[in-house]
Amino acid sequence: MTGISAIFAEHGPLARALDGFRARPAQQQMAARISAALTQQEVLLVEAGTGTGKTFAYLVPALLSGRRVLISTGTRTLQDQLYHRDLPLLCGALGRPVSVALLKGRSNYLCRARLEQQGPRQPDLPALADAMHERVVEWSLRTRSGDLAELPELSDSHPLRLQISSTRENCAGTRCAHYANCHVFEARRAALAADIVVVNHHLLLADMALKEDGFGDLLPSVDAVILDEAHQLPDLASEFFGISLSSRQVELLGADLRAELKATAAPLLRLERALADCVEAFGGEERVVAWRELGARGASALQELHEALGDCGCSWGAGAPSPGLEQCGVRARLLVAALEQLRDESGGSEAPAGARTVSTHGRGFLLRLLPYEISTRFSALLAAHPSAWIFTSATLAVGEDFGHFARRLGLEDAPTLRFESPFDYERQALLYLPRGLPSPSSAEFTPAVVATALPLLEAAGGGAFLLFTSHRALRAAALLLEHRLPAHWPLLIQGRAPREQLLRRFRASGRAVLLGSASFWEGVDVQGPALRLVLIDRLPFASPEEPIVRARIEHLQSEGASPFKEYQLPEAVLALKQGVGRLIRSEDDRGVVVICDPRLSERGYGRVFRSSLPPLREVREQAPVLALLRELSGTAGGGAVQPLPA
């Protein structure tokens, strides 16, 4: 045994250096194939089931290749794990030190200039920001990286965060007094000099789509790109190749103008009034509507915003009194151009054909155009950077077929490789498909799901994820479950605390019941006995009433294609694979997956879903499910739940 296979062997260097390492044939094969792809500069698609060990299977070939490799992840959590834990560990095990850099988007770094501009009592910040401001100032004097992740108490949603980080639009670049010791540019300079650079998909796509100054040199300088959690790419690429404008962008522009002017001015006042009129015209209700549903008042408000932005762009152009004002003028003109393309549904502009939507919430709005088709542009960008491109995830294929993922990114000619999970699903878990549940379209469906869940929760003693396909169903289930669980079982509900905080409480409790929607269907790893029951309310078909989905359906119909077969079904299959994958995360995990949607058994397309799931032992009766859950709970249930009223 030589080369890559020897490294992953039972008595190889990884086994000697890493506690609990197990030799896995699929991991060896995956690593060998990726090594060949790096050498031959191939595009390769790899699906690796949970437990394959795909992270090491691509990191080891990357470290041994002698090439400059860019590794892109779907989440900052995995990005930090690779940089702070996995890569140092493997470099030590292989005796192969290489230079590694971590690069995040601008919003993740402290901007010294903007911190300097801030005082502890800014009028647009709540009082709670005062103490945090002092904490940030103290930290800023000793941090080397400026990575705001070093301040876990400064959450992504904290109001101070936007005030002390920069955006592409408001960064003064080389004109900034702090440019020489700017954390963002220091991170980029380190990335340009490193052998391995760890980024995330947002940053990679921003570079591919926007060519941000100061970062555009990185992608052409690498020999290979490895994209983990690649199933997220099609939707993310649609966002980056599309066009957007948010009330937040306009709000920040107004705030920066006011700070630069040290006073007020007619164009600024007009901009602030126009923004307020748009927020009022669109309404504060949380919703997403098609562009054509804006109505006359919304269209009129947007026209005024367009003109107000134009005023600002003209008032502070070249020759403005300060570099900051000139930069604000540039930002205003970019927003004008974006708004013109968003408003032009005639096809007369350079905007791509796509779905135009307006998202509103209590604090503002987001206007978006998402292209129907990105495959041509994405594949052209890959061709423009001839290197190895490795796409990997636990969920890329529908059954054995990678066609849906490959077509969306223009990768139909790429070779594919698929590895089943090595876990013994038939021994470790049951798939319970309850009988007698109503149609998911029925008003009685969510109460029936909760009624199904209650005896299972009692038998399991908590330790459950209840996953929903909509926030509405989640809220309804939360109302039904409150006050029905034992007092010592935490009921954790998405939206009431940050995701990582909910997960920490879940792991620590062992009795918790967590209710989540989309963000808990993937990227959540709870190993061990804390999680023993995963219940999914319905098959995750995107609602055809959602404007983006409806627009894509209409577009496919106009092309003579089948929206259900080519879009709705494969997307739902991949989403269900992610949800089911939350339960078994190690060789020692055991539990039950419950899917409450009767269509899985009653409709012909149910076979497509089931053929894509792990080989779980399927049961239709409750008795064996209760028996297993009682065994796993370690008691007779750990507490009684209150039934729903008749």
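**Reading helices, sheet and core**

Guide: In helix 15, the buried residues (under 20% relative accessible area, with exposed over 50% and partly exposed in between, for a 1.4 Å probe and protein chains only) are Leu325, Gln327, Cys328, Gly329, Arg331, Ala332, Leu335, Val336, Ala338, Leu339 and Leu342. This is a predicted model, in which local features need pLDDT of at least 70, side-chain atom pairs count only at pLDDT 80 or more, and totals for chains, interfaces and linings use all residues. Residues are numbered from 1 along each chain as its sequence is written, and side-chain values use heavy atoms, leaving out hydrogens and water.

Visitor: What covers the buried residues of helix 15?

Guide: The cover includes strand 6 (243-246), helix 12 (247-261), helix 14 (295-315), strand 8 (354-361) and strand 9 (364-371). Helices (H or I, at least four residues) and strands (E, at least two) are DSSP runs, numbered from the N terminus.

Visitor: How is the nonpolar core to be read, and which residues have the most contacts inside the largest one?

Guide: In soluble globular proteins, nonpolar side chains tend to be buried together. A nonpolar core is a set of buried Ala, Val, Leu, Ile, Met, Phe, Trp, Tyr and Cys residues joined through side-chain atoms within 4.5 Å. Here the largest has 44 residues, and Leu70, Leu103, Met208, Phe378, Phe391 and Leu411 have the most contacts inside it. Helix 10 supplies its largest share, five residues. A second, separate core of 40 residues includes Leu492, Leu531, Val573 and Ile584.

Visitor: With which residues is Met208 in contact, apart from its neighbours within four places in sequence?

Guide: Contact means heavy atoms within 4.5 Å. Met208 touches Leu219, Phe378, Leu381, Leu382 and Trp389 in this sense.

Visitor: What is the strand order of the open sheet?

Guide: Strands of a sheet pair through backbone hydrogen bonds, either parallel or antiparallel. Two strands count as paired if DSSP finds at least two bridges between them. The seven strands here run in the order 3-4-2-5-10-1-11, with parallel pairing. Strand 3 (100-102) and strand 11 (416-419) each have a single partner strand, so one side of each is left without a neighbour in the sheet. Strand 3 pairs with strand 4 over three bridges, and Val100 stands opposite Ile196 in strand 4.

Visitor: Why is helix 11 described as largely enclosed by the rest of the structure?

Guide: Because six of its eight residues are buried. These are Leu233, Pro234, Leu236, Ala237, Ser238 and Phe240.
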